[in-house]
Amino acid sequence: MAKTILTDLNLQQNELQNAVVQNLATAPTSPVEGQIYHNTTEHKTYQWNGTEWVPFYQGRYATNNEAITGTATNLLMNPANTKAAIDEAVNDAVEAVETAGAVTLVSADGGANDSHIKSYTIKQGGTTVGTINIPKDLVVQSGELVIGTLSGGTFTAGSTGTTYLKLVIANQSAPIYINVADLIDVYTAGTGIDITGNQISIKTATSSVLGGVKVGSNITVSGGTISVTSTNIQNALGNQTANKVYAGPASGSAAKPTFRNLVAADIPDLGYKYSSTTKVSNPALTPSNGVVTWEISNAALRDLSVNLALVQVYDGNNGYEVVCEIRKLTSSIAIIFNSSANIAAGKYTAVITSIVES
């Protein structure tokens with residue numbers, strides 16, 4: 001029983017051996033250009049050129065005598081061996097019709113994409129009375145699968161498009177493109193697929209290989225859809241030692257994540273922003289108008305919010321709390337002492353306790 005393949009078949013430049021084309025007693029209906037079949041009634045192989053079924057070369061070439069007498073059983077003749085015979089036959093035909101009027105013979109070479117190598121047109125009295133075409137010896141020299149677009153006989157290769165079978169024909173410069181998009185699929189190796197020779201296999205996921213598919217209970221298929229749940233992923237990763245995290249390298253260049261212990265660099269320093277205590281010692285201060293002002297800048301407060309800070313001042317030598325005036329300015333804290341004398345550096349310590357910002 002024949003199997004229908006609805007996709008391209010990429011042989012990756014391998015040979016198609018012991019193959020037989022479709023055998024039919026009559027030609028297929030609704031053919032497409034490039035389609036081939038073998039006629040079991042005529043014992044000949046044909047190809048559809050978009051307009052008609054053209055037979056492949058069958059059997060041996062005609063001899064000179066067969067070409068002259070018309071007794072050749074094959075449809076194609078070797079142009080190199082029969083040109084002289086054809087010329088002689090044409091001359092005989094011209095002589096036979098000369099009595100009916102002036103006879104002219106016009107010859108033309110076939111084009112690169114024509115099926116004939118030479119064409120002779122016989123005219124009598126200016127009227128065409130016959131044409132003789134010398135067919136080419138059309139033989140497939142090579143073939144390959146290509147992907148791209150075909151427009152007006154011009155093929156443009158690309159990474160996407162339609163898959164064609166490209167056939168290079170002897171004595172014809174333009175190749176033949178056969179659309180095989182419905183017969184062949186092209187696969188390339190990737191993260192989850194391995195291709196070795198002609199075999200395609202799906203990689204199996206483990207605790208260290210995450211690019212493939214964990215087979216078995218870790219995957220469900222319904223209506224052609226593959227589903228993976230969080231439980232499937234957990235099963236694919238497998239059991240791990242306690243107190244391990246799945247993360248990139250602890251230091252150095254980027255690398256694939258693994259299960260490892262936390263290091264200090266994994267934990268950001270958030271202490272300066274959330275409820276901590278900062279101690280600041282005063283610089284040398286001088287009085288002005290009977291008071292000494294010690295202003296602590298926002299930078300010294302490590303960018304804490306001035307409005308959310310609790311400030312206490314202690315004597316640096318004796319450790320007791322000092323009563324003074326504290327003002328919270330826009331970007332600093334001002335500590336004011338009632339004194340007319342200079343205050344040495346480090347005499348007082350200001351303890352600023354932050355409050356968590358919302």
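# A walk through a predicted chain of strands and loops

Glutamine 12 lies in the loop between E1 and E2. The model that shows this residue is a predicted one. Most residues other than glycine have a negative phi. Glutamine 12 has a positive phi, near 55°, and is not a glycine.

Valine 21 is placed in the loop between strand E1 (8-9) and strand E2 (23-24). Is valine 21 exposed, partly exposed or buried? Valine 21 counts as partly exposed because its relative accessibility is 31%. Together with Ile36 and Phe56, Val21 forms a nonpolar patch on the surface. The three residues of this patch have about 200 Å² of accessible area together.

The whole chain can now be described. The protein chain has three helices and 25 strands. It contains 358 residues, and buried residues make up 24% of them. The chain exposes about 23600 Å², of which carbon and sulfur atoms supply 52%. Contacts can also be sorted by how far apart the partners are in sequence. Among contacts between residues at least 6 apart in sequence, 42% join residues at least 24 apart.

The next part to look at is a sheet. Strands of a sheet pair through backbone hydrogen bonds, either parallel or antiparallel. In what order do the strands of the open sheet of three strands stand? The order is E20-E25-E22, and the pairing is antiparallel. Strand E20 (277-281) and strand E22 (309-315) each have a single partner strand, so they stand at the edges and one side of each is left without a neighbour in the sheet. From one strand to the next, the twist averages 20°.

E20 and strand E25 (residues 348-354) are paired in the antiparallel sense over five bridges. Threonine 278 stands opposite isoleucine 352 in E25. Serine 281 also lies in strand E20. Serine 281 counts as partly exposed because its relative accessibility is 47%. Serine 281 and threonine 349 are 68 residues apart in sequence, but their C-alpha atoms are 4.6 Å apart in space. Leaving aside neighbours within four places in sequence, serine 281 is in contact with Trp294, Gly346, Tyr348 and Thr349.

Asparagine 289 is found in the loop between E20 and strand E21 (291-297). Asparagine 289 counts as exposed because its relative accessibility is 81%.

Strand E23 (residues 325-328) pairs with E24 in the antiparallel sense over four bridges. Isoleucine 326 has isoleucine 335 in E24 as its bridge partner. Asparagine 338 is found in strand E24 (residues 332-338). With a relative accessibility of 76%, asparagine 338 counts as exposed. Not counting residues up to four places away in sequence, asparagine 338 touches Gly290 and Val291. Asparagine 338 and valine 292 are 46 residues apart in sequence and 6.5 Å apart in space, C-alpha to C-alpha.

Arginine 260 is buried, with a relative accessible area of 12%, whereas aspartate 266 counts as partly exposed at 30% relative accessibility.

Aspartate 315 lies in strand E22 and lysine 347 in the loop between E24 and E25, so the pair ties together parts that are 32 residues apart in sequence. Aspartate 315 is buried, with a relative accessible area of 5%, while lysine 347 counts as partly exposed at 27% relative accessibility.

Technical notes. Residues numbered from 1 in each chain as written. Predicted model: local features only at pLDDT ≥ 70, side-chain atom pairs only at ≥ 80, totals over all residues. Heavy atoms only, no water. Patch = residues over 30% accessible without salt bridge, like charges linked within 9 Å, V, L, I, M, F, W, Y side chains within 5 Å. Areas by Shrake-Rupley, 256 points an atom, 1.4 Å probe, with all protein chains shown as cover. Salt bridge = Lys/Arg side-chain N within 4 Å of Asp/Glu carboxyl O. Helix = DSSP H or I, 4+ residues; strand = E, 2+ residues; numbered from the N terminus. Buried < 20%, exposed > 50% of the residue type's maximum accessible area, 1.4 Å probe, protein only. Contact = heavy atoms within 4.5 Å. Pairing = 2+ DSSP bridges. Axes fitted to C-alpha atoms, helices over the stretch in contact; angles between N-to-C directions.
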